[in-house]
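Biologist: I have a model open and would like to learn how to read it. Please take the features in turn, starting with charged side chains.

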Amino acid sequence: MLVVVVDYATPQLLGAVRARVAAGPARFHVIVPDGAHGHRNIPDPRVGAERTLTNAVAKVSQVTGIEATGEIGDPSALRAVADVAEREEASEVILSSHPLRAARLARRDLPSRVRRLGLDVVHVEA
């Protein structure tokens with residue numbers, strides 16, 4: 001299983017997903033951290049996260065031909081990945097982030113922290 005943590009289902013993310021499918025069999029589970037998607041026009045971050053999740057699952061399923069699953073995860077992307085990795089046989093993660101959030105992820109060194117969970121990581125920036 002490949003876990004995909006997204007801010008948005010961008011062309012860069014979908015390109016990474018396509019590349020992974022070309023490399024061999026995969027299952028995709030999309031995680032959107034809870035509360036990460038509040039905007040002026042969507043004041044409830046949970047509603048924004050649900051919209052992002054619905055969109056990302058549909059796009060990943062469409063570009064791969066594989067029915068993706070998904071969930072709203074812990075507000076901490078690391079905890080959200082760890083939660084799924086604990087209950088599923090996840091071996092790889094694609095982290096997708098908006099450029100503004102990418103800087104925050106880099107400061108937290110999220111890709112390295114996810115690797116310490118024993119997972120291979122690809123990080124794409126929108």
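Modeller: A salt bridge here is a side-chain nitrogen of Lys or Arg within 4 Å of a carboxyl oxygen of Asp or Glu. In this structure Glu-71, Arg-87 and Glu-88 are linked in a network of such bridges. Note that this is a predicted model, in which local features need pLDDT of at least 70 and side-chain atom pairs count only at pLDDT 80 or more, while totals for chains, interfaces and linings use all residues. Residues are numbered from 1 along each chain as its sequence is written, and side-chain values use heavy atoms, with hydrogens and water left out.

Biologist: How many salt bridges does a search of the whole structure find?

Modeller: Five. Side chains of opposite charge can pair when their charged atoms come close. Another bridge joins Arg-79 to Asp-83 at 2.8 Å, N to O. Those two are four residues apart in helix H3, so about one helical turn separates them. Helices are DSSP runs of H or I with at least four residues, strands are runs of E with at least two, and both are numbered from the N terminus.

Biologist: Which residue meets Arg-20 in a salt bridge?

Modeller: Glu-92, at 2.9 Å from N to O. Glu-92 belongs to strand S4 and Arg-20 to helix H1, so the pair ties together parts that are 72 residues apart in sequence.

Biologist: Are Arg-20 and Glu-92 buried or exposed?

Modeller: Buried means under 20% relative accessible area, exposed means over 50%, and partly exposed is in between (1.4 Å probe, protein chains only). Arg-20 has 17% relative accessibility and therefore counts as buried; Glu-92, at 19%, is buried too. By contrast, Arg-51 in helix H2 is exposed at 52%.

Biologist: How are the strands arranged?

Modeller: Two strands pair if DSSP finds at least two bridges between them. Here five strands form an open sheet in the order S3-S2-S1-S4-S5, with parallel pairing. S3 and strand S5 (120–125) are the edge strands, each pairing on one side only. S1 and S2 pair over four bridges, and Val-4 stands opposite Val-30 in S2.

Biologist: Which strands does H3 touch as it packs on the sheet?

Modeller: Contact means heavy atoms within 4.5 Å. H3 touches S1, S2, S3 and S4. Its buried residues include Leu-78, Val-81 and Val-84, and the buried residues of H3 also pack against helix H5 (110–115).

Biologist: Which residues touch the most other members of the largest nonpolar core?

Modeller: A nonpolar core is a set of buried Ala, Val, Leu, Ile, Met, Phe, Trp, Tyr and Cys residues joined through side-chain atoms within 4.5 Å. The largest has 21 residues, and Leu-13, Phe-28, Val-30 and Ile-94 touch the most other members. Helix H2 (45–64) supplies the largest share, five residues. Apart from this core lies another, of 16 residues, among them Val-5, Ala-80, Val-84 and Val-114.

Technical notes
Axes are lines fitted to C-alpha atoms, for helices over the stretch in contact, and angles run from 0 to 180 degrees between N-to-C directions.
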